[in-house]
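Biologist: Shall we look at this one together, one question at a time?
Modeller: Gladly! Here it is.

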Amino acid sequence: MKFDTPATTNPIDRLKVVGKATDRIDGPLKTTGRAPYAYERHDVAPGAAYGYVLGSAIAKGRIIGMDLTAAKAAPGVLAIVTAENAGKLTKGNFNTANLLGGPEIEHYHQAVALVVAETFEQARAASSLIRIDYARTKGRFDLEAEMANAPLPPPGFGGPSESKVGNFAGAFAAAPVQLDARYTTPDHSHAMMEPHASTAKWEGDQLLLWTSNQMINWGKGDVARTLGLPKEKVRLMSPFVGGGFGGKLFVRADAILAALGAKAAGRPVKVALQRPLIANNTTHRPATIQRIRLGATRDGKITAIGHESWSGDLPGGGPETAVGQTRLLYAGENRLTAMRLAVLDLPEGNAMRAPGEAPGLMALEIAMDEMAEKLGMDPVEFRAINDTQVDPEAANRPFSQRQLIQCMRIGAEKFGWAKRAKAPGAIREGRWLIGMGMAAAFRNNLNGKSGARVRLDGKGVVTVETDMTDIGTGTYTIIAQTAAEMMGVPLETVVVRLGDSSFPASAGSGGQWGANSSTAGVYAACSMLRDKVTAALGFNSADVVFEDGHVRAGNRSVALAEAAKGGELVAEDFMDYGDLAKKYQQSTFGAHFVEVGVDAATAEVRVRRMLAVCAAGRILNPKSARSQVIGAMTMGVGSALMEELAVDKRFGYFVNHDLAGYEVPVHADIPHQEVIFLEETDPTTSPMKAKGVGELGLCGVGAAVANAIYNACGVRVRDYPVTLDKLLPGMPAFA
Amino acid sequence: MKAFEYTRASSPADAAALAAKTPGARFIAGGTNLLDLMKLEIETPTHLIDVNKLALDRIEETSDGGLRIGALVRNTDLAADKRVRRDYAVLTRAIVAGASGQLRNKATTAGNLLQRTRCPYFYDPNQPCNKRKPGSGCAAIGGFSRQLAVIGTSKACIATYPGDMAIAMRLLDATVETVKPDGSTRKIAIADFHRLPGDTPHLDNTLQTGELITAVTLPKPLGGKHFYHKVRDRASYAFALVSVAAVVQKDGTGRVAFGGMAHKPWRVEAAEAALPKGAAATAKIAFAGATPTHDNAFKLQLAERTLAAVLHEARG
Amino acid sequence: MDRPAGKGVSRRGVLVSGAACAAATAMPASASSKEPSAPMKTPPALPVQVKVNGKAAALTVDTRTTLLDALREHLHLTGTKKGCDHGQCGACTVIVNGRRINSCLSLAVMHDGDSVTTIEGLGTPEDLHPMQAAFVRHDGYQCGYCTPGQICSAVAVLDEIKAGIPSHVAADVAASPAFSEMEIRERMSGNICRCGAYSNIVEAIREAAGRRQA
């Protein structure tokens, strides 16, 4: 099915199942520990041996000698995989560095060996008996120092690296009110709770790989490419993924090494990356240095908006696209954005939840707060008068929906924004200085081709199969809701099977495209199944209704199951997209409101209240969508207050590479969170009229927290995370 | 983790004797720090002596009005003890400020005293660290040292003692009781228990080979108001940047000890005389001669302000 | 000491070339390479009897095997999760003799005679424990990986409050703690949820606590 004209009325609009707050259908499995994750497949890969990954001890250089003798002789060892004995490996299309290093070392903790043994304890112990001699070479580890060596990279996923409209320099120079400020965001780790993990089993020349991965079809391709196998010889299965946030978009060392280890050991092998390896072995959100220049008239109209960003990555990598939102979020006739990319020999930078917008808005939305203050305007009003309903770079291209002003106004009303003190440091409750901050939220909507297969059996059970993944996003449930709505059956009659590369390829989970894209694919398959049912039952009317487990037209009503009496009906289709996303700018919008307390003595920050108002198309399951947003808000608090991979610029690695050193929010950091979804349907995005929401919830949160801190204590910190050591020098004396 | 033999000890003296005659032996109780380090081969015992079944899990009143806390009393039980909550609230507050409920259920009184630094270079076997591997160098100096020590450091080591409970015990002038391999016992003032790194940072404390902690005693209660103010980046389940343990009397005199500042709980008795004059005066003496790094110089200001908050609360 | 031609420094370790190392003093002489030792003999193993979810289990385990790996790899009770294996996340939380612990930081051989309750012992998909049902109702999870640990912790936390165990957020540590959201947040802080379901988890626990009291 091709989606190339805006949707009209369709069966989803009945909203009998879709759009209802629904408990997750996978909830009973997850809450009882029965949902099997990739390392837990005793059922399908019994007797798997254990792999343990050894990471490089240096960031850049060469292995000049490797002695496996002692490790091979250690009890229980079945095989040791290294670059030397692994055979030819080709780097995956989605990888920047090789997943198995040696002799060249590209980054710290790059995998250099896998020890396979009968038990986990044996594999771990033997790994430390491998003796490696390294020759270290000079690396570049300091983004600040490399700013001067950071050219504009070729266009990539985030579009061109530079955009110019009008005369930015002239307009900025002429602006009566100017802001020119520098912001930094640090490297972030996804820190999902389930480590990257895989279980591999060979059946002849066929590889079965249970792996924790967001993008099955990409993964299948890259596993095949890396190992030099035909794609059809690789089957990936990922029915449950213990969090990804972008860190599991790509095949990682666990998958490749499990496959190689299983080959070498002649039996199934499972590998989970040890937690202390993950930060340096896998990908991370790259640090940015951002310069923002805003020029405005005295009444607050932006006349010049410039946003430049510097980030680094390994050779062949890409930039953190931190300026993307600035091309679309606010009006202004003269515009400039640029992304510059330095080569850094740190671990591979790549996508983490809301890549680009998350760090970009952390900077831009502080800048907007600062500019509002310069103008003496309320931050909501300043943003509102610079709203635009069209692409600021192309006036003939409207936003399909844009309710930013509504999000801000409703949020301000619900949050009690009017009580915010205009001057910082004005409100104190006991030891706490109290402040409020807000930020706009913005994230583009993306759609991807997505397929599904739908089966109807003689009992009326509808089974959906797609390689789509549920990484905590609630995909199982919204797909079931979609199929139930389309086929007119209760939710309980739908079975959803996900994350298997033998199922039709989906859009996968990433970039907040998963919900709308994957359900649209199910819509397409269900539409085809409806036609088959209609035909099987001998209906010829165009206005057949699927409802309450029956198919009805005029006076005739037949149980849906009847259609499959002569055998299962199967329909497979996909949704593909025309150019509506070019004609219309499809984006999601929101507003974040935060209240913090700053300890007047210690400058410790505690978030007291949070509200997000989101306009993101049709909300398919308000319960799980709300969870996506509160989860993103929580991650936003982390980015504002504590998350930072600390770079050792001498040795070239992230020092705090475990969950004690890399702090993410805990229960005590997070207050009760409120989310409001505005009524919205977007007929330009798909028949579902939905958009993504899981990343929108993160966009802007960090700045809202930082702005609240400023409002509370009067100290403006432009370098994330806003930790107390950065606040203390500016804090008033404690008394 | 290296392979090791495992033995359950039958008595404290037997445990100490076995430890002394078995090269590479270590005691294990809660295991929450030792096993963590063994997995990374930072600790590589070849023999673990499990002392969990020894009858060292009681809290008893001493003849001089204090408390004798068995070495195996779990953190949760020590914090929850009614006498501790009433008379040594600073100790309860310190314990519940540390780790998590799960860890406190396992961690023991003795083990907690022995927990090792959280310096990230100590924790990464690829990096030089004089504490982990004497003579290899200190990567923390000139590296990422935000969490590390600001006073009492040496050219060999700037690690911090990471615990909370011991800060309160130092404040309370606790005594560590031990049994030695020959069956004799000794008492070590807590002030003398933890060491400064000097040029032997691999030694955290003054225990001898095979020596087993059997109890920690507290002198009779001090009265006054008790505080344990722990400052950290996240609200819970994190090691202290700085912590302040204090007992303040009605007349403004009192005691103060600091966590997160040094290789040991940091208490300068001479500084306590300045408490009635305020935080600045006290901190000036307590941290005279501090040697912070660029990353952790803020701790000096933070410690003073945290103490100011404590004294403010004590007055209120 | 062998020296590879033209390179320099030591055969044993990291060869430093280039001037990148401001911290030359900190550069390891032989840090990256583990010293080989004599081949190990067969690792020691010991018998352990544990009661898991009410059922007796007799295992013989490597002394190095954690309670977590004994549950997951020997008993195939994979509901208890390995998130970090270092006591930093709480995903491995189980209840031993009535108390919640991190099963990753405890050796199986240390639990001879103990009674262990895992997530599988609390309820089944067909017959959920009230806490499990409350998590489903309040969407107190997303990816599900930290969830068994959260639920085991939550069940134990309610018992800890009832038993009067104080927490960091108590205004007066000598007083008996009462149920509050602050108490729950503090006591649950040893269970990290990166999906960020905290706000919902607290609501689930509040509901389950209400039910228990009723």
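Biologist: Let's start where chain C and chain A meet. How many residue pairs are in polar contact across that interface?
Modeller: Keep in mind that this is a predicted model. Both residues of a pair must have pLDDT 80 or more to be counted here. For the interface of chain C and chain A, the number of pairs in polar contact comes to 33.

Biologist: Which element gives the most to the side of chain C that touches chain A?
Modeller: Several elements of chain C supply at least two residues each, among them β1 (14–16), α1 (67–74) and α4 (147–162). With six residues, the top contributor to that side is α6(C).

Biologist: And by class, how many residues on the side of chain C that touches chain A are nonpolar?
Modeller: That side also holds 27 polar and 20 charged residues. The nonpolar ones number 33.

Biologist: How much area do chain C and chain A bury between them?
Modeller: The contact takes 80 residues from chain C and 82 residues from chain A. In chain C, the residues that lose the most area to chain A are C:Gln142, C:Arg194 and C:Tyr198, together 13% of what that side buries. Carbon and sulfur atoms give 57% of the buried area, and the total is about 6600 Å².

Biologist: Now to chain B and chain C. Which residue of chain B meets the side chain of C:Arg99 in a salt bridge?
Modeller: Here 52 residues of chain B are in contact with 57 residues of chain C. Across this interface the rule finds two salt bridges. In the one made by C:Arg99, at 2.4 Å from N to O, the partner is B:Asp77.

Biologist: Which element gives the most to the side of chain B that touches chain C?
Modeller: The elements giving two or more residues include β1 (5–8), α3 (75–80) and α6 (101–106) of chain B. With five residues, the top contributor is α6(B).

Biologist: One last thing: how far apart are the end C-alpha atoms of helix α12 of chain A?
Modeller: This helix has 13 residues, 475–487, and 13 of its 13 residues are buried. At 1.5 Å a residue, the helix should span 18 Å. The model agrees, because its end C-alpha atoms are apart by 18 Å.

How values were computed. Residues numbered from 1 in each chain as written. Chains lettered and ligands numbered in written order. Predicted model: local features only at pLDDT ≥ 70, side-chain atom pairs only at ≥ 80, totals over all residues. Heavy atoms only, no water. Helix = DSSP H or I, 4+ residues; strand = E, 2+ residues; numbered from the N terminus. Expected span 1.5 Å × (residues − 1). Buried < 20%, exposed > 50% of the residue type's maximum accessible area, 1.4 Å probe, protein only. Contact = heavy atoms within 4.5 Å. Buried area = accessible area lost by both parts, 1.4 Å probe. Polar contact = N/O pair within 3.5 Å; in protein donor to acceptor, adjacent residues only side chain to side chain. Nonpolar A, V, L, I, M, F, W, Y, C, P; charged D, E, K, R; others polar. Salt bridge = Lys/Arg side-chain N within 4 Å of Asp/Glu carboxyl O.
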